[in-house]
Amino acid sequence: MMSNSNNNLKKWLKPRGYIHFDNKRSLKFAQKYVQDLENIKKHSFLPFLKYIKIKSSYLANENKTKSKERPIMYASHLDSHIYSWYSHQLSQHYEKFIQNNGIAECVLAYRSLGKCNIDFSKEVFDEIVCKAPCTVLTFDISGFFDNIDHKILKQAWCNILGVTELPLDHYKVYKSITKYSYVNLDSVFKELQIDREQLKEKKRICSFQEFRERVRGKGLVQTNKLNYGIPQGSPISAVLSNIFLIHFDELMQKHANQINGVYRRYCDDILWICPNDDVEIIKSLVIKEIYTMGGQLTINDKKTEISVFKIDNDKLIGTPALQYLGFTFDGQRRLIRSQTVGRYCRRMKTAVRFAGVAALNAGYSQLYRKSIYRKYSHLGNNNFIRYANRSAEIMASKEIRRQIRRHWKNLHKEIERINLK
């Protein structure tokens, strides 16, 4: 069940820059370790380190910023190597399974498809044009990773391996990712009196003796005692989230084939294109089947959206405009979401202001432009403007080009404003 390909191992066993409860391991050591099934069966997994990632988004219609908290956990170095290797194996089995069961085209996230959200959005918009008049429904699964049912996950894990019981090494990995333990990052820093600036000088958070006495011994280690939930952020969590929903994807795709509809799922974002008469049936089907996935998963009603596409005077009109994977489509125009463009503008202005303060403090008469150009203009290689240009090209959208055509002028307007001050 396990390949001995060194090329595969080198591809998936990647060193990680953070510090943890263990030392970093060489790839040579990791290669040898993960290939020995006896090592995995006897391996003692260390607790994850947990922190809260806060994502802020600006609500233009309400003129305020909304913050969303997302718990992120990351594994120790050796544990990460194990999870990465088993993630690779499971991905190979998963790909074969979904190809054989006719659901390969409907699952988009966490797969090596050589495509990105731009391509996925374009394909959906093209399908709408072909199937109009039609209705598009989008759903969001609430607390996806936190509510993955362990029993259903285990059965799906067995199914893609083609076994009735998990092999002992796979079972050990399964137990570690479902009955996982974790330590809050702030708590361990406080207990060990570690300043974040000190991390640069440390090779690990603490010795194993300190871990036993001051971390585990003082009750900082918490364990997931529920029969659902896996940590978000581990190298294996992404593929497990797809494996978990295999039966759901099969049911959705089967129904899509019956009504000449389109079903797509990007992680916890679900999209349906269906005939207008099937809207209520699809809504009920999605809500019902998600609920049966262990009873912990639910559909977020506030994020469920319905867009009706009809042909009026030979023009395709979508009401309201569909929002999907960062883009909008109203039947005529394919655009980057206005919130995304607005976020770029705010960040650009903030970056220019900070550069101006830095130049002032350093006694310069003008701010340093090279870094600003690299991050916020077409002169950079990996930034929003480049992304927008690539989106416009793939979608053949003049409207997207119009969204950013003044970026150079606006950037220099902010720079001149700083220089005047």
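**Group meeting: a walk through a predicted model**

Hi everyone. The protein chain has 17 helices and 13 strands, where helices (H or I, at least four residues) and strands (E, at least two) are DSSP runs numbered from the N terminus. This is a predicted model, in which local features need pLDDT of at least 70 and side-chain atom pairs count only at pLDDT 80 or more, while totals for chains, interfaces and linings use all residues. Residues are numbered from 1 along each chain as its sequence is written, and side-chain values use heavy atoms, with hydrogens and water left out.

Let's begin with the whole chain. Along its principal axes, the C-alpha trace spans about 70 × 70 × 40 Å. Of the 421 residues, 45% are buried; buried means under 20% relative accessible area, exposed means over 50%, and partly exposed is in between, using a 1.4 Å probe and protein chains only. Contact here means heavy atoms within 4.5 Å. Among contacts with a separation of 6 or more, 71% are between residues 24 or more positions apart.

Now, the inside. In soluble globular proteins, nonpolar side chains tend to be buried together. A nonpolar core is a set of buried Ala, Val, Leu, Ile, Met, Phe, Trp, Tyr and Cys residues joined through side-chain atoms within 4.5 Å. Which members of the largest nonpolar core touch the most other members? Trp157, Ile236, Trp272 and Val286 do, out of 66 residues. Helix α4 gives the most to this core, with nine residues. Take Trp157 as an example: leaving aside neighbours within four places in sequence, Trp157 is in contact with Leu90, Leu166, His170, Val173, Tyr174, Ile236, Leu240 and Ile243. A second, separate core has 41 residues, including Leu108, Ile118, Phe309 and Tyr387.

Stay with α4 for a moment, as His81 sits in that helix. His81 counts as buried because its relative accessibility is 3%. Not counting residues up to four places away in sequence, His81 touches Leu13, Lys14, Pro15, Arg16, Arg25, Leu27, Ala30 and Val34.

Next, empty space. Rolling a probe the size of a water molecule over the atoms shows where empty space is left. On a 1 Å grid over the protein atoms alone, a cavity is a set of points where a 1.4 Å probe fits but cannot get out, a pocket is an open set with protein on both sides within 12 Å along at least five of seven lines, and lining residues have an atom within 4 Å of a point. Grid points are joined across faces, edges and corners, and a volume is the space filled by probe spheres set on the points.

The second largest pocket holds about 510 Å³ of space. It has 23 lining residues, and those closest to its centre are Trp12, Ser87, Ser91, Tyr110 and Ser112. Which helix gives the most to this lining? It is α4, with seven residues. Helices α1 (6-12), α4 (77-100) and α10 (237-244) each supply at least two. By class, the lining of this pocket has eight nonpolar, ten polar and five charged residues, with Ala, Val, Leu, Ile, Met, Phe, Trp, Tyr, Cys and Pro counted as nonpolar, Asp, Glu, Lys and Arg as charged, and the others, Gly among them, as polar.

There is also one cavity of 30 Å³ or more. Pro71, Met73, Asp146, Tyr180, Ile230, Pro231 and Gln232 line the largest cavity.

On to helix α13, residues 338-362. Its 25 residues reach 36 Å from first C-alpha to last, close to the 36 Å expected at 1.5 Å a residue; the expected span is 1.5 Å times one less than the number of residues. Among its buried residues are Tyr344, Met348 and Val352. Gly363 follows α13 and has a positive phi, near 85°.

Finally, some backbone details. The peptide bond from Ala132 to Pro133 is cis, with omega near 0°, and Pro133 is in the loop between α5 (117-131) and β3 (134-142). Another cis peptide bond joins Thr319 and Pro320, with omega about -15°. Asp314 is not a glycine, yet has a positive phi of about 65°. Asp314 lies in the loop between β9 and β10 and counts as exposed because its relative accessibility is 78%. Ala396 has a positive phi too, near 50°, and is found in the loop between α15 (384-395) and α16 (398-404).

Thanks, everyone!
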